[in-house]
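Dear colleague,

I am passing on the structure below, and I would be grateful if you could look through it alongside the notes that follow.

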Amino acid sequence: MTKTVFAKRTLRAIALMAMLALSVQLAHAADTIKVGVLHSLSGTMAISETTLKDTVLMLVDEQNKKGGLLGKKLEAVVVDPASDWPLFAEKTRELIEKEKVDVIFGCWTSVSRKSVLPVIEELNGLLFYPVQYEGEESSKNVFYTGAAPNQQAIPAVDYFMNELGIKRWVLAGTDYVYPRTTNKILEAYLKAKGVKDEDIMINYTPFGHSDWQSIVADIKKFGSAGKKTGVVSTINGDANVPFYKELGNQGISAEDIPVVAFSVGEEELSGIDTKPLVGHLAAWNYFMSVDDAGNDDFIKSWHSFIKNPKRVTNDPMEAHVIGFNMWVKAVEKAKTTATDAVEQAMIGIEVPNMTGGTAKMLKNHHLTKPVLIGEIQDDGQFDVVWQTEGEVPGDAWSDFLPGSKDIVSDWTAPIKCGNHNTKTKKCSGQNY
Amino acid sequence: MRPWRGLAAVLAAFILLLPTLPAAAEEADYDFSAAVDALRVKSYADKEVAISALADTGNDRSIEVLEGLLVGRLFYRKSDQRMVLAEPQDVDYEIRDAATGEPLGTTGKRKLKKIGINNKLRKHLRGTIARLNLAHNDPAVRMAAVKEMMRNLDAAASDLLRAAMARERDVKVREAIRSGIALADLDSPDAAIRLRAVTDLTGSLLPEARNRLSGLAERNADGSSSGPDETVSLAARKALQSIESKLALNRLAETVFFGLSLGSVLLLAAIGLAITFGVMGVINMAHGELIMLGAYTTYLVQLAMPNHLDYSLFVAIPAAFLVAGLFGIAIEQGVIRYLYGRPLETLLATFGISLILQQLVRTTISAQNVAVSNPSWMSGSMEINPALAITYNRLYILIFALLVFAALLAVLKRTSLGLQVRAVSQNRAMAKAMGIRSEWVDAMTFGLGSGIAGVAGVALSQLTNVGPNMGQSYIIDSFMVVVFGGVANLWGTLVGAMSLGVANKFLEPFAGAVLAKILVLVFIILFIQKRPRGLFPQKGRAAEG
């Protein structure tokens with residue numbers, strides 16, 4: 001008798017414990033919102049992307065300290081696509097299907113984004129892409145928080161033309177999709193402004209190019225024709241260092257032939273000797289040196305999160321902060337993390353920029369951004385010399401390319417597509 | 001008695017005058033320090049005015065202050081707003097008062113605020129300093145000042161040049177001033193003066209001269225001259241022709257130099273491989289990583305001696321030779337000696353080693369590129385004439401590559417180690433029979449080749465980025481050069497590297513950097529089809545081994 005009672009009690013206790021454990025697990029699963037982080041932590045892009053992973057982790061951490069979202073805690077799921085473009089697609093599938101994340105923050109290079117696109121559209125996920133890019137794309141499932149060409153390249157060229165009086169143009173870039181598309185847009189833009197063919201020199205170099213002697217000598221020759229010459233550089237990554245060194249050695253200073261770069265930011269400058277670069281320019285939507293209360297707070301919390309007061313902040317980090325804050329607002333507005341509801345709630349959301357003003361999410365999934373042009377200082381920071389009045393709305397499809405002139409993107413009813421031809425009033429269905 | 005009285009009078013007069021003299025000086029000093037203080041304004045436009053005002057004070061110290069501003073050494077102290085010139089020391093700055101030059105000790109970086117400038121101000125500053133420097137004692141400084149002024153000639157500048165011409169004694173500077181005045185005279189209303197100016201500029205390689213003359217020489221659509229005077233236009237056309245032919249010659253020289261410089265980089269990268277692959281026949285895929293180790297050694301040496309950057313390279317060269325050489329001997333003893341005669345396995349094993357070495361650097365130092373600074377004597381360029389300048393870093397590396405080549409050749413031809421290396425590579429069995437420790441020779445040879453790769457790394461650290469992946473970009477080039485030049489022939493490596501470099505640079509202007517590289521590769525493929533043993537094949541019985 002006592003034996004059976006004891007056995008029954010034990011059994012009941014075990015069953016109860018098991019149920020409790022199960023319910024705790026269930027509750028746990030239901031009580032977190034998962035945030036996927038898709039940035040390379042190894043391979044060539046690790047230099048730039050690791051910082052962005054840390055940024056998202058910091059934002060998740062801060063949001064949890066504020067009490068989470070919709071009463072739930074946020075949980076970051078970090079994967080490493082290892083700078084391997086096809087792996088980006090696989091990892092996206094893993095994040096959405098296996099980890100069931102509600103949103104993904106990730107990618108740096110355009111080719112990694114292009115690799116993710118088919119997967120994210122098929123599985124109806126959400127991706128926030130934080131880097132300046134070449135445009136000509138607008139997917140329902142992607143929010144582009146970096147600059148489109150009209151928010152970086154075109155204003156920089158305007159600055160050169162109007163403020164510095166540049167008459168001859170060197171478009172120098174690394175040989176891949178972003179520089180080629182950007183230079184195509186810039187060439188069309190310059191020609192529309194009346195610049196002649198012989199006043200434009202276009203030059204492409206392989207990744208990691210290190211022997212710049214003849215190219216710099218060519219630029220020098222091109223620049224000695226009496227008209228003020230400027231270089232618009234889409235040279236990528238560490239090839240910039242020997243390029244600027246060669247400019248310095250051949251005695252070309254920023255006053256003679258200024259170079260404006262679109263891929264050189266604080267992070268890229270932090271590892272190199274900046275003496276030969278002083279006075280050259282970069283165009284971004286954010287600089288660490290900008291005097292703004294929001295920016296100061298961000299830098300302070302970044303330094304305490306990363307536990308290193310020497311770490312710099314840069315433009316793609318700001319893009320992630322804006323993207324994350326917008327997503328939080330949209331989820332609160334939609335009261336759910338379901339992709340379609342959040343996607344519709346995102347449009348029209350406004351959050352403050354860290355350089356003053358506000359960023360607004362537009363119908364084409366791009367942002368309004370201020371454009372800043374800064375001169376490189378010898379401490380690796382930028383001194384802002386010019387900025388646009390107010391924000392520039394991002395344009396997904398460039399107005400200066402014959403193929404995309406008539407195309408707009410509008411993800412609100414009634415158009416609801418990323419590639420709408422205003423002449424034929426048709427959507428092509430191909431959003432990228 | 002008399003002289004004493006006279007002296008006393010002079011002394012008395014001096015004492016009487018004394019209070020007034022310093023007062024005047026004080027006033028000027030006050031004006032000057034107010035002018036220096038004026039640079040502290042925030043707006044760049046106001047700063048430009050302040051710079052001109054400072055130059056106009058005529059104070060001797062104004063050049064120093066302006067030059068300090070130009071190179072970013074002019075600060076103000078946050079505590080008392082005092083303008084100071086600061087020299088960076090180890091951690092702190094050594095400061096002195098900008099207006100008086102009085103030393104003020106050292107202070108922390110955070111206590112100072114830099115006077116910022118932008119490109120427009122830099123240009124204005126250079127022009128202002130050049131005008132002040134026209135009266136400098138050093139002819140080289142005067143020369144630089146004249147050149148700076150020529151870039152931006154206005155009426156005031158040409159008046160200054162004319163005034164400077166009258167007192168100039170140095171022949172070269174006189175010549176430069178004459179060109180400058182001639183450039184200004186091209187605008188003269190008097191046709192005769194214009195004609196003389198054109199004649200003065202004939203053969204000048206100054207880019208400004210060429211631009212101005214081509215403006216004068218331009219023809220209208222009907223073939224008539226666009227200038228107001230036919231004879232001046234004709235003279236300008238003739239002058240332009242002589243300039244163009246001179247320029248073409250200079251450009252040729254420049255391209256050849258660029259080619260030799262690229263060749264020297266290829267030579268440095270390949271010469272170690274010429275030993276390990278060429279002489280020993282080991283396919284060493286980790287060769288690039290040995291170069292990388294040399295470059296990282298340079299970085300570490302620079303970290304260890306931050307105050308002697310200018311000499312760090314001389315320490316780095318033997319250090320890199322030792323580090324890379326020891327790594328090479330370890331690789332040979334640990335892996336390669338078990339794999340002689342099995343090229344495929346050697347290739348795979350050394351490829352694995354290259355990955356291990358890359359990861360080693362990534363984990364111990366950093367995944368990011370590291371900054372190796374150039375010593376001051378390797379920066380800048382040597383100007384041969386206004387159209388041809390040779391950058392020092394390239395020039396020194398070309399000389400260095402040739403020195404390394406000569407040293408290696410001497411080791412192989414003149415030392416007993418070299419004799420043994422050649423003996424083993426030609427006939428191992430016979431060498432052994434003669435009492436040569438062939439295993440020891442193998443290890444030493446591999447160490448020598450690896451050490452040379454490390455030395456190449458020191459040179460390459462001055463040209464390109466130092467990072468874990470840097471070796472990858474040189475491994476293909478190195479094999480290309482050794483195979484093209486002919487395996488087992490050092491001279492072949494030299495000729496191969498130089499000819500590939502020059503060919504690449506001659507193709508680049510026409511084909512672009514990407515296509516030029518491809519064309520060179522295609523050429524090598526075709527060449528190897530025709531002559532599989534390279535430029536200088538080994539002849540005789542050794543070739544069979």
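Which residue stands opposite F105(A) in β3(A)? That residue is V37(A), with strands taken as DSSP runs (E, at least two residues) and helices likewise (H or I, at least four), both numbered from the N terminus. Please bear in mind that this is a predicted model, in which local features need pLDDT of at least 70 and side-chain atom pairs count only at pLDDT 80 or more, whereas totals for chains, interfaces and linings use all residues. Residues are numbered from 1 along each chain as its sequence is written, and chains are lettered from A and ligands numbered from 1 in the order in which they are written.

In chain A, strand β1 (residues 32–38) is joined to β3(A) by 4 bridges and the two run parallel, where strands count as paired if DSSP finds at least two bridges between them. β3(A) is also joined, by 2 bridges and again in parallel, to strand β4 (residues 127–129) of chain A, and there F128(A) is the bridge partner of F105(A). With helix α4 (residues 110–122) of chain A, β3(A) and β4(A) make a right-handed β-α-β unit (with the strands pointing away from the viewer, the path from the first strand over the helix to the second runs clockwise).

Strand β3 (residues 103–106) of chain A is covered on both faces, since V103(A) and F105(A) on one side and I104(A) and G106(A) on the other are all buried (20 or more other C-beta atoms lie within 10 Å of the residue's own, placed from the backbone). Helix α7 (residues 213–223) of chain A has 8 of its 11 residues buried and is therefore largely enclosed by the rest of the structure; among the buried residues are I215(A), V216(A), I219(A) and F222(A).

Turning to chain B, 5 strands form an open sheet in the order β4-β3-β2-β1-β5, with antiparallel pairing. Its edge strands, each of which pairs on one side only, are β4 (103–107) and β5 (112–114) of chain B. Strand β3 (residues 93–97) of chain B pairs with β4(B) in the antiparallel sense over 3 bridges, and T107(B) in β4(B) is the bridge partner of Y93(B).

Helix α3 (residues 44–56) of chain B packs against helix α5 (residues 119–133) of chain B at an angle of about 5°, with the axes 10 Å apart (axes are lines fitted to C-alpha atoms over the stretch in contact, and angles run from 0 to 180 degrees between N-to-C directions). α3(B) and α5(B) are therefore roughly parallel to each other (angles under 35 degrees).

With best wishes

Notes: Buried ≥ 20, exposed ≤ 12 C-beta atoms within 10 Å, placed from the backbone. Parallel < 35°, antiparallel > 145°, perpendicular 65-115°, else oblique.
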